[in-house]
Amino acid sequence: MKLRRRAGIRHLLYHPWQLGLSLLGVALGVAVVVATGLAVESSRQALRVSVETVSGRATHRVVGGPGGVPDSLAARLGIGAGVRMLAPAVEGYVVSPVDPSRPLHILGIDPFSEAPFRPWLAGGPAADGVDGARLVTTPGGAILGAETASALGVEEGGRLVVQGGARTAVIEVVGILEAEDRWSRSGLLDLLVVDVAEAQEILGREGVVDRLDLILPPGEEGAALRARIEALLPAGTRVEAVGAEAGAMQDMLRAFDLNLRALSLLALVFGIFLIYNAMTFSVVQRRGMLGTLRALGTTRGELVRGILAEGAVVGFTGSVLGLLAGIVLGRGLVQLVTRTINDLYFVVAVEGVALSPGFLFRSLLLGTGATLLAALLPAWEAGSASPREAMARSSVEDRVRTLVPRAAVAGVIVLGVGAVLLALPTPGIEVAFGGLFALILGMALLIPVTTVVLVGFLRPAARRIAGVIGAMAARGVVTSLSRTAPALAALVVAVSVTVALGVMIQSFRGSVVGWLDTTLVADVHVTGPSVVAARPDGEIPPGLAGTARGFPGVVGVSSYRSVALQSGGVLTRLLAVELDPRGEAGFEFLAGGEVRDAVFAAFRAGEGFLVTEPFAFHRGLQVGDTLSLDGALDEEAGALERPVLAVFRDYGSEAGTVLLSRDLYDAHWTDERLTSLAIFLDGSGASEEEAARIASRLREAAGPDTPLVIRSNTELRERSLEVFDRAFEVTRVLRWLAFVVAFIAVFSALMALQLERRRELGVLRAQGMTPAQVWGLVSMQTGIMGGIAGLLALPVGAVLALVMILVVNRRSFGWTLEVDASPELFLQGVLLAVAGAILAGIYPSWRMARTSPAEALRGE
Amino acid sequence: MPSLVRLEGVTRAFPEGGRLRSVLRGVDLELQQGESVALLGPSGSGKSTLLNLLCGIDAPDEGRVEVAGVALHDLSERERTLFRRDRIGFVFQFFNLIPTLTVEENLLLPLELRGGVTSEGRTRAADLLERVGLGDRGRSWPDRLSGGEQQRVAIARALVHTPDLVLADEPTGNLDQETGRRVMAVMDELVAESGATVLVVTHSPELAARMDRTLVLRNGRAEDLAP
């Protein structure tokens with residue numbers, strides 16, 4: 001190994017604290033990114049595999065609207081269009097009382113049509129002993145994967161109770177599929193295959209199927225066949241290529257994924273600051289040595305390459321460690337991410353973390369690249385080390401002081417760029433994140449100049465409080481600016497981002513609480529068992545609304561039908577409502593609602609839609625714009641087109657929802673089903689007992705085979721907040737991880753700074769300063785730095801919070817949030833900085849107190 | 001004797017407090033091959049600046065700096081660095097040994113910078129260490145050596161790649177008188193053997209007296225001090 005490289009590596013090894021903390025910084029940053037990436041990738045892969053498993057080899061499918069596809073259509077297409085490869089499928093979700101937290105994906109098929117599509121389910125004994133025909137011959141027969149069977153504690157021949165959208169059924173396991181590989185295992189996870197008729201009964205879909213799978217030949221022959229099929233299709237049904245649905249589902253997760261990734265990148269940014277700090281420190285510490293090397297004939301390029309090589313070694317080692325930690329962390333995080341997706345979007349079962357060589361390579365590259373990026377400036381700094389440094393040591397700080405105004409100017413420019421990016425009239429989330437990161441960098445560049453100004457104010461006070469030692473402690477922050485500025489910048493950024501994240505979560509929660517207070521006006525809420533917690537998607541008997549209206553004490557009922565519609569290649573959630581006038585009070589209009597009565601009159605008359613804020617945002621809709629929904633039965637128009645009457649506040653769905661009157665829905669779709677009811681009781685603030693009484697009567701009316709989920713206003717409110725809190729659990733975990741990285745950044749930066757002052761402290765000890773006074777000096781200086789960082793983090797954190805709330809969140813999800821920042825969050829930030837700083841001073845003080853001045857004066 | 005170093009009308013000024021302070025104001029200077037020269041002058045007279053110009057660390061504002069026939073004032077910073085690694089040996093007041101390299105490795109460093117350490121180079125390094133009386137300390141770390149020992153290693157390092165010109169910036173300034181004397185004896189002997197030209201910046205008349213010639217920097221100009 002070359003001597004210069006050897007000297008560099010030894011320098012790292014002789015400063016194990018610095019090296020350890022640098023490695024920790026990279027490792028933690030990479031671990032958070034890897035864990036988040038794994039969680040996101042795993043859930044996406046699970047979704048893809050799940051869709052592919054149930055789609056099999058189908059190339060196209062016939063789909064209908066919410067009413068589905070009449071099952072008689074299969075025969076019509078077979079005879080009329082000559083379609084041979086066609087298989088009906090009914091899909092839905094059920095839960096078993098054995099594990100209600102585990103939604104089971106039910107797939108109803110016709111085993112005798114299955115051979116070309118899903119050969120593993122074809123009729124007749126298959127190689128693995130599973131006979132699809134038994135689905136037909138055994139009443140309630142079901143096939144499931146071995147892992148799912150084991151999780152539910154059933155074996156072949158065993159029985160399992162399941163609750164579908166509207167009823168309870170008992171199924172019998174007639175076959176257990178052994179997955180051949182991880183891919184199949186993931187596809188089969190929580191999948192329950194039954195005969196199509198059985199699925200129709202369990203899901204309350206008699207007479208209709210969700211789709212008819214098709215295999216169309218390629219080229220003109222396929223196009224001709226498709227044309228023949230389309231000619232026979234009834235209104236409201238259409239042929240679409242397989243993959244459209246999966247694509248639409250993946251699209252729904254885009255903003256969610258991006259936000260998680262951006263959050264995880266923040267942790268890496270802290271890591272970068274940590275590395276930058278450590279590398280800068282390491283360069284500054286060695287300026288004399290670097291100057292000597294330059295004097296001996298080492299070129300600038302050789303020095304820069306040397307420092308970058310050190311950075312690469314640290315980056316790669318830290319990345320490997322981070323990768324390992326990230327995989328472990330990812331296993332925990334994937335559960336949280338999956339639960340959030342299940343709560344807010346759709347059901348997806350994740351079998352494990354998806355580790356691909358490409359992902360691992362990218363992660364290593366990211367960690368090493370980030371470290372090299374962080375090492376660039378210190379490397380340039382090393383290259384600019386003049387050989388004169390070998391002779392004159394004080395010039396470093398002189399030079400750094402001249403850089404302060406330049407850094408400030410650069411900071412203002414970068415801030416300007418950030419502000420422009422944030423102000424750009426584009427809905428792009430990436431641009432918003434670019435703006436956010438530019439703001440963070442710009443503010444970091446302004447920290448040295450702010451520090452100089454603040455210390456100027458602090459110094460007289462420090463002198464009054466602690467005499468010469470106080471003045472020295474304050475002045476020391478500015479005289480060693482080459483060391484203190486990067487440490488302070490790391491500190492301020494880390495603390496302010498954790499403060500900003502805290503404010504964002506708090507604001508979001510506050511907004512949701514306020515929204516729930518406005519929206520939840522009914523006393524009792526009724527729905528069927530739902531598999532997606534954030535919205536009711538179960539079913540209740542259609543007649544239940546009328547029954548409820550007849551109960552004594554009930555003064556009004558609003559009924560809802562929630563369906564997902566493929567419209568224009570995008571999944572659109574429709575909510576057909578029959579609103580009680582009391583229910584109308586729960587709407588907070590953000591646009592178009594100036595004359596509420598007129599809006600509701602037009603809405604009831606089916607003259608237009610009400611849309612949620614995220615829906616309007618994502619589709620770029622404004623009041624008065626026409627919204628077109630595909631799949632309606634209106635044959636002439638081909639689509640249902642109505643204007644948007646008003647936009648209302650809603651935090652229930654990130655993708656957004658379209659509200660239409662029940663009458664308008666019934667006129668365009670054949671679907672009598674109901675999803676939920678909101679019941680208003682007599683007298684304001686009806687008691688829980690009253691609600692319980694109504695619940696009991698509703699259950700009685702529905703019958704024992706129809707499971708109902710009935711919640712009082714209070715219960716629903718609590719449940720909604722529970723879902724909200726769960727949704728933000730990932731963010732909270734990431735915030736805490738960022739917090740930990742921030743703390744380490746604070747700790748390492750200041751500790752390294754104090755350890756580096758060993759010689760200076762040795763001089764003070766030699767001049768008669770006692771260990772206690774050294775302790776006081778070090779603690780005071782780190783305390784001052786912590787205080788400055790905490791102080792600066794308050795405005796910076798507030799600005800970042802505003803950007804996250806008003807721009808990033810808005811562009812990601814389309815929600816407007818009320819800013820809600822409690823003083824505790826800011827106090828927490830200041831405490832983080834000060835506590836980290838004081839803790840960082842303990843070890844150097846202790847070490848100095850134990851070291852004889854003579855030893856310290858010997859230097860390195 | 002042919003001249004190794006030739007300076008003509010060299011000026012150098014530095015910004016200070018918003019103004020330019022002239023340190024060198026037209027230095028003319030010639031050093032012969034194998035000559036040993038002491039450079040005297042009060043603090044701030046420009047001795048170190050002159051040294052920096054001679055080794056290519058710095059460039060003159062005006063004038064010519066030629067060392068071993070190479071016009072340093074015409075070279076780029078990188079070219080001056082490459083010239084320095086080949087032709088110049090440096091001895092610093094504070095020794096400036098690389099603390100993370102052993103004594104032996106410190107000696108081998110200039111050879112490596114020139115392209116690689118050959119067996120001849122290793123032998124020469126070992127020989128020089130013997131000559132400076134530290135043959136048994138090759139594996140020691142610099143901070144385990146006394147000041148005098150460190151400076152002897154620095155002298156060996158300055159000569160290991162057989163430079164044409166050895167520049168020493170107050171080489172005994174950080175040593176006691178006796179140690180300084182011994183260190184200079186070693187240096188005199190080794191430099192004389194190598195045939196290199198040596199320029200020593202010093203405040204010590206005793207050290208200056210050991211040299212062939214003494215120059216003094218006064219008012220930004222170099223003057224020969226009469227023997």
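**A guided look at chains A and B**

Guide: Chain B holds an open sheet of six strands in the order S6-S7-S8-S3-S9-S10, with mixed pairing. This is a predicted model, in which local features need pLDDT of at least 70 and side-chain atom pairs count only at pLDDT 80 or more, while totals for chains, interfaces and linings use all residues. Residues are numbered from 1 along each chain as its sequence is written, and chains are lettered from A and ligands numbered from 1 in the order in which they are written.

Visitor: What makes S6 and S10 of chain B edge strands?

Guide: Two strands pair if DSSP finds at least two bridges between them. Strand S6 (88-91) and strand S10 (221-224) of chain B each have a single partner strand, so one side of each has no neighbour in the sheet. From one strand to the next, the twist averages 20°.

Visitor: How do you know that S7 and S8 of chain B are paired?

Guide: Strand S7 (residues 165-169) and strand S8 (residues 197-201) of chain B are joined by five bridges and run parallel; the criterion asks for at least two. B:Asp169, for example, stands opposite B:Val201 in S8(B). H1(B) packs on this sheet, touching strand S3 (36-40), S6, S7, S8 and strand S9 (213-218) of chain B, and its direction makes about 155° with that of S7(B). Helices (H or I, at least four residues) and strands (E, at least two) are DSSP runs, numbered from the N terminus.

Visitor: Which strands form the open sheet with antiparallel pairing in chain B?

Guide: Four strands do, in the order S2-S1-S4-S5. Strand S2 (19-32) and strand S5 (70-71) of chain B stand at the edges, because each has a single partner strand. Inside the sheet, strand S1 (residues 3-16) and strand S4 (residues 62-67) of chain B share five bridges and run antiparallel. B:Arg6 has B:Glu66 in S4(B) as its bridge partner.

Visitor: Why are H5(B) and H6(B) called roughly parallel?

Guide: Two packed helices are described by the angle between their axes and the distance between the axes. Helix H5 (residues 147-159) and helix H6 (residues 177-194) of chain B pack at an angle of about 10°, with their axes 10 Å apart. Axes are lines fitted to C-alpha atoms, for helices over the stretch in contact, and angles run from 0 to 180 degrees between N-to-C directions. Angles under 35 degrees count as roughly parallel, over 145 as roughly antiparallel, 65 to 115 as roughly perpendicular and the rest as oblique. H5(B) and H6(B) are therefore roughly parallel to each other.

Visitor: Which residues of H5(B) meet H6(B)?

Guide: On the H5(B) side they are B:Gly147, B:Gly148, B:Gln151, B:Arg152, B:Ile155 and B:Leu159. Their counterparts in H6(B) include B:Val183, B:Val186 and B:Leu190. The residues of this contact divide into six nonpolar, five polar and two charged. Here Ala, Val, Leu, Ile, Met, Phe, Trp, Tyr, Cys and Pro count as nonpolar, Asp, Glu, Lys and Arg as charged, and the others, Gly among them, as polar.

Visitor: Why is A:Phe117 called buried?

Guide: A residue is buried if 20 or more other C-beta atoms lie within 10 Å of its own, exposed if 12 or fewer, and partly exposed in between, with C-beta atoms placed from the backbone. A:Phe117 has 23 other C-beta atoms within 10 Å, so A:Phe117 is buried. Its place is in the loop between strand S4 (99-109) and helix H4 (134-137) of chain A. The C-alpha atoms of A:Phe117 and A:Ile215 are 7.8 Å apart, although 98 residues separate them along the chain.

Visitor: And what makes A:Val98 partly exposed?

Guide: A:Val98 has 13 C-beta neighbours inside 10 Å, so it counts as partly exposed. A:Val98 is in the loop between S3 and S4 of chain A. Leaving aside neighbours within four places in sequence, A:Val98 is in contact (C-beta atoms, placed from the backbone, within 7 Å) with A:Leu152, A:Gly153 and A:Leu160.

Visitor: What makes helix H7 of chain A mostly covered?

Guide: Six of the eight residues in H7(A) (residues 196-203) are buried, among them A:Val196 and A:Ile202. Just after H7(A), A:Gly204 takes a positive phi of about 65°.

Visitor: How many residues does chain B bring to its contact with chain A?

Guide: Chain B brings 23 residues, in contact with 21 residues of chain A. The largest share of chain B's side, six residues, comes from H3(B).

Definitions and conventions
Contact = placed C-beta atoms within 7 Å.
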